[in-house]
Each structure stands twice: as structure tokens, then as C-alpha cells.
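We will go from stop to stop.

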Amino acid sequence: MAPRIKVPANFGKEHINSEAHGNLLLKLKDGQGIKTNSMIMSLNSPVIDNLTTNLFQSSLEMDDFAKEAVECFVESMYTGEVDLLKQLIFEDVNKMANVFDVSWLAKRCLKFYKTVILNFGSNSYEEIVFACEVASRAHYNLKQSNYVSSFVKNIVSRNIGRTLFLQRYMADFAELSKRQIDMSVAVAGNFSKSVMMPFISHVINNLECKKLDENSLYLLEQLDVQKLRQDFPMYFNDAANLLAEVAEISESSEVNELVKKFVETKSDIAASSSKDDYTEDSETTEECDIDDSDCEEVASVAIQTEEVEYDWINPKLNGSYSGVLLNDSVQFITAENQPGSFRIRYTLPGEGRADQKWLNMRSENLDTSQWSYIISGCTVNNWNKRFLHEVPHDKLKHWIITKSSSHLKVVCNKVTVLHFNFSTDCDSDKRDGKRVWSRKENSADFYCQLNNSIILRTLDS
């Protein structure tokens, strides 16, 4: 056994590849190698100590790892520091720290993950999904569950909505690996509604297949049906009804078993409905499985939003909703490119009366993502006359609409697609536009005429 010397320690990186001391060769995938000292490596790693001291190995195959990652690993063993560690090689270095049981380096890797990888510079989806995948693989491949809990706590504390992140992460549901489904369930926590929305959309789009695919069966097996029924009865009922519809055309015993589980749970609702303290359309507050201080579920979009503390609902087609003007903006998300329109009615108090004015927006061309708009009292009341500017083609669109005394502003996925000036942009015959729209609004109502997935921010639950 190697003598007990406390590591990490600085043995001097100048001794790496030393001809005099390099008695342990680390073989790289490109045929090259790094000469290391077996004593230094053994002091850091009990695994390497056993391989060299008891099994008399003088070389180790390292071709599973990138050369740059192995160089970082070796320098860390020699210096006790992780100066070469960066995101590109992080997973390889973390894997080596665990494979070779270098406990202090594994701790440094976790610290790097928390302080660097989770320190999103712009809250972009790419940053967040990278951190999500790192955590998922660490848990799946290395059994490091603390990466997953760190990821979840971070996105909650940063007010990054899990529901909307998972809608994008799970968008190609059929292509998800079981690892990614497990990660989705872990990210959702007790807020199982977050994973049910992509699942329900996927099943609806594949009903003609007359069966549930492997991913659908796997996800349903991971869910706590009783918890879903209790906390989110609307989504539970949607799932139960869809499963019953699939069961009618399916001969799969697995589907029938799942349907039986949902139907029996649904029957429990009917039997105990007089005792339950919730209604079918209500949703309870999330109870997180992490620290209470991190328990607030926010539904901000990962790519752009400010702190939000309100509910997000799925408005019904042709439904109207009040309580949508929050922090001077109306916000909603359209989850698919789709035909349809929406209307926002502003109530604008004046002397002795209150005027009601509308912003109307309609999708005109799905291929080009072209939208036209009408502002009552400011523009002609016809579609295809005024158009939003360069609406992003993204499948998931987060809209933020803000009215000031001088402008009406529409932002879609960080892109300002309308900045309407009441003084200069009104049609020449609309003389009252500026006078009425410049008033401070006291409320706004949302009217949904979109045929597919949409989520609206509101005070209503």
C-alpha cells in the first residue's frame, strides 16, 4: 500500500512525462501516452494503487477519454488543483475521478458543476439543457444523484420554470431515451403536470397508431398516479380519457393494465368526491422534494423571462380570461406553429367613462411565421394589412405584450416584433387612437382562438 500522505498535494507538474520517474504509462486513444509516477497516482487513487501495487500493472488504457481530459486528470493528481478543467472535458474528468475513486477530485468536479456549469450567463435554453444532460448522465452512469438535485435547486432558485423547460426538453417525446425520461420526471418532482403535458400531446398525435409506444409506457410506469390525481385532477382525467381511448383500439396487455390503474384511481375520485376539498378543474400548489426555501415553482420561460410568481393555465378554445395583466405585461406561450388568433382587450379609464380597446393578432402563414395584427382605434379593422416584424420560427413561442402611455410593444422569444407608436403609427383617419391608448389601463382580458397548445399567465388557477 502507498504511504498515507494527505492529498490533494502539489508534487510538481514538471515531473509529468519524466523519464526518471515515469513508471506508469497512461495510453491514449491516438496511440500517444503520458508517463506518470505510480506513487503520485496511487496516493490520489486507491484504484490505481491496487492496480500497480497488487496487480503489477505498468500501463493503463485511457482510450475511453479525450486526451485533453486525461491531461487535466494527471495534472490534477500532480498539483492538487483543477486549473485545466473546463466544460468541454468536464464529464470525462468527472468520470475518471469516479472510476479511479479520487474522492477529492470528485468533490472538485461537483463544485465546478455548481459554480461554473450552473452559472448560466444568459439563461439560454442551450446552457440549461447542457447542464441538465450533464446531471442526467452523472446520475445514470455514475450514480451521482447530487448532480440532479443541484440542477433542480438551481433552476428553481433562478426562477426558470420547470414546466416550460420540460415542454421543450420533451418536445420530441418519441426520441427521448429512458435516461432523459427519468431526468424529466426528476426535474418535474411532485409537479407531475410538467411531464403530462408533453405526454398528452404525444399520445393525441399518435392515436392512429392504436397503441402506446415504449416511451409512453415507460413514463406512465414512473408516475405516481395517486399523486397526479390528487394534485392535478384535470391532467389526470385527460390522461385517463386518452388511455381509455387507446385501450378501445389496442390489444396490448400493458396498455390495459395501465388503463385499469388509471380507471380504478378515477373511480376512487367519484367515490370520495363528497369528501375531497378540491374541484376537478383546480390545481394545488406544488410541494417540492427539495429545500423549502427553493420550493417556489415559477413558470418563466428558460430563454428569457423575469421573475414570475403567478399561475400558468391552459386556456380553452374560444375562452375568455381576466386577471392576465401582471407586472404591466400580458404573457403567454404558444407551443406549436398553428393557425388561429388571440385578442387582448384593454380597459382604459377616462373622464366619466372607460373605453375598451383591442389588440388582435393572427397567424397568417405557418411556413414563414407571418402574423398580422389589428389595434382597434389605431389601424384599419382588417387582417393582412399590418404585420408583425420577423416573428421567430421557433415551435415554442413566448409572447410578452406591454403597453405604455406611448407604445404597444410585442416581444416573441426576445425579438421585438412590434413597437407601435400611438403618436406616429396610427392610420391617418384614426385620430382618437393616441388619446385613448395613452391612458393607463386598469385591466386586460385574454380571448383564445388558437386551436392547439397554449399556456397563459394569470392570477386565476
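What follows is a short tour, from the whole chain to single residues.

**Before you start.** This is a predicted model: local features need pLDDT of at least 70, side-chain atom pairs count only at pLDDT 80 or more, and totals for chains, interfaces and linings use all residues. Residues are numbered from 1 along each chain as its sequence is written, and side-chain values use heavy atoms, with hydrogens and water left out.

**Stop 1: the whole chain.** Show it as a cartoon. You will find 15 helices and 14 strands. These are DSSP runs, numbered from the N terminus: helices are H or I with at least four residues, strands are E with at least two. Of the chain's 461 residues, 50% count as buried. Buried means under 20% relative accessible area, exposed over 50%, and partly exposed in between (1.4 Å probe, protein chains only).

**Stop 2: the core.** Select Tyr113 and Phe151. They have the most contacts inside the largest nonpolar core, which has 92 residues. Such a core is a set of buried Ala, Val, Leu, Ile, Met, Phe, Trp, Tyr and Cys residues joined through side-chain atoms within 4.5 Å. Which residues does Tyr113 contact, leaving aside neighbours within four places in sequence? Among them are Phe90, Leu118, Tyr147 and Phe151. Contact means heavy atoms within 4.5 Å. Now select Ile344 and Phe420. They belong to another core, of 33 residues, which lies apart from the largest one.

**Stop 3: salt bridges.** A search of the whole structure finds 13. Each is a side-chain nitrogen of Lys or Arg within 4 Å of a carboxyl oxygen of Asp or Glu.

- Select Glu91 and Arg137: their closest N and O atoms are 2.7 Å apart. Glu91 is in helix α4 and Arg137 in helix α6, 46 residues apart.
- Select Glu214 and Lys178: this bridge is 2.5 Å, N to O. Glu214 sits in helix α11, Lys178 in helix α9.
- Select Arg386 and Asp427: here the closest N and O atoms are 2.7 Å apart. Arg386 is in the loop between β9 and β10 and Asp427 in the loop between β12 and α15, so the pair ties together parts 41 residues apart in sequence.

Stop 4: Most residues other than glycine have a negative phi, and most peptide bonds are trans. Select Lys143, in the loop between α6 and α7. Lys143 has a positive phi of about 60 degrees. Is Lys143 buried or exposed? Lys143 is exposed, at 67% relative accessible area. Finish at Val7 and Pro8: the peptide bond from Val7 to Pro8 is cis, with omega near 10 degrees.
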